[in-house]
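Q: I've got a chain to look at and some quick questions. Can you take me through it?

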Amino acid sequence: GCKRVPPGWDRWMGLVGNSRYYGYNTVKSEDGGQTAFVQQHGTDFDQDYLPNLVANRTLELIREFSAIDDDYKPFLITAA
């Protein structure tokens, strides 16, 4: 699994190394860090432009969490 996953974090995505708009790698976990994978990103604007990737993933999660039919269940998203 991944090292140093903050308590309570069950999904996350982060940059590997220095930030760039293109030609970067991200690491992502959907299960609290038990498994994680690195994804390489190239130079295609529609798929790889970092600000769009962060914004689109944030919107996906907001839609997903908002659709959960549960009593009030707060969530926190930090997008930077």
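Q: Is Arg11 buried, partly exposed or exposed?
A: Arg11 is partly exposed, because its relative accessible area is 28%. The cut-offs are under 20% for buried, over 50% for exposed and partly exposed in between, with a 1.4 Å probe and protein chains only.

Q: Before we go on, where do these values come from?
A: This is a predicted model, where local features need pLDDT of at least 70, side-chain atom pairs count only at pLDDT 80 or more, and totals for chains, interfaces and linings use all residues. Residues are numbered from 1 along each chain as its sequence is written, and side-chain values use heavy atoms, with hydrogens and water left out.

Q: Back to Arg11. Which residue does Arg11 form a salt bridge with?
A: Its partner is Glu64, and the closest N and O atoms are 2.7 Å apart. The pair links distant parts of the chain: Arg11 sits in the segment before E1, Glu64 in helix H2, and 53 residues separate them. A salt bridge here needs a side-chain nitrogen of Lys or Arg within 4 Å of a carboxyl oxygen of Asp or Glu. Helices (H or I, at least four residues) and strands (E, at least two) are DSSP runs, numbered from the N terminus.

Q: Why do such side chains pair up?
A: Opposite charges can pair when the charged atoms come close.

Q: How many salt bridges does the structure hold?
A: Five. One of them joins Glu30 and Lys28, at 3.7 Å from N to O. Glu30 is partly exposed, because its relative accessible area is 37%. In another, the side chains of Arg57 and Glu60 meet at 3.1 Å, N to O.

Q: Where do Arg57 and Glu60 lie?
A: Both are in helix H2, three residues apart, which is about one turn of the helix. Arg57 is buried, because its relative accessible area is 15%. Glu60 is partly exposed, with 41% relative accessibility. Salt bridges with shared partners join Arg11, Lys28, Glu30, Arg57, Glu60 and Glu64 into one network.

Q: New topic. What volume does the largest pocket have?
A: About 940 Å³. A pocket is an open set of points on a 1 Å grid over the protein atoms alone, where a 1.4 Å probe fits and protein lies on both sides within 12 Å along at least five of seven lines. Points are joined across faces, edges and corners, and volume is the space filled by probe spheres set on them.

Q: Which residues lie nearest its centre?
A: Arg11, Trp12, Leu61, Ile77 and Thr78, out of 31 lining residues. Lining residues have an atom within 4 Å of a point.

Q: Which element gives the most to that lining?
A: H2, with seven residues. Strand E1 (12–16) and strand E2 (25–29) each supply at least two, as does helix H2 (50–66).

Q: How many residues of that lining are charged?
A: Eight, alongside 16 nonpolar and seven polar. Ala, Val, Leu, Ile, Met, Phe, Trp, Tyr, Cys and Pro count as nonpolar, Asp, Glu, Lys and Arg as charged, and the others, Gly among them, as polar.

Q: And how much space lies in the second largest pocket?
A: About 190 Å³. It has 14 lining residues, and nearest its centre are Met13, Gln39, His41, Leu53 and Arg57. The elements giving two or more residues to this lining are E2, helix H1 (45–48) and H2. H2 has the largest share, five residues.

Q: How many aromatic pairs does the search find?
A: Four. In one, the ring centres of Phe65 and Phe75 are 5.0 Å apart and the planes are at 50°, so the pair is tilted. Phe65 is in helix H2 and Phe75 in the segment after H2, 10 residues apart. Rings of Phe, Tyr and Trp (its six-membered ring) pair if their centres lie within 6.5 Å; planes under 30 degrees apart are stacked, over 60 edge-to-face, the rest tilted.

Q: Which residues do ring pairs link into a cluster?
A: Tyr21, Tyr22, Phe45 and Tyr49.

Q: Last one: which residues is Thr58 in contact with?
A: Ile77 and Ala79, leaving aside neighbours within four places in sequence. Contact means heavy atoms within 4.5 Å. Thr58 lies in helix H2 and is buried, because its relative accessible area is 16%.
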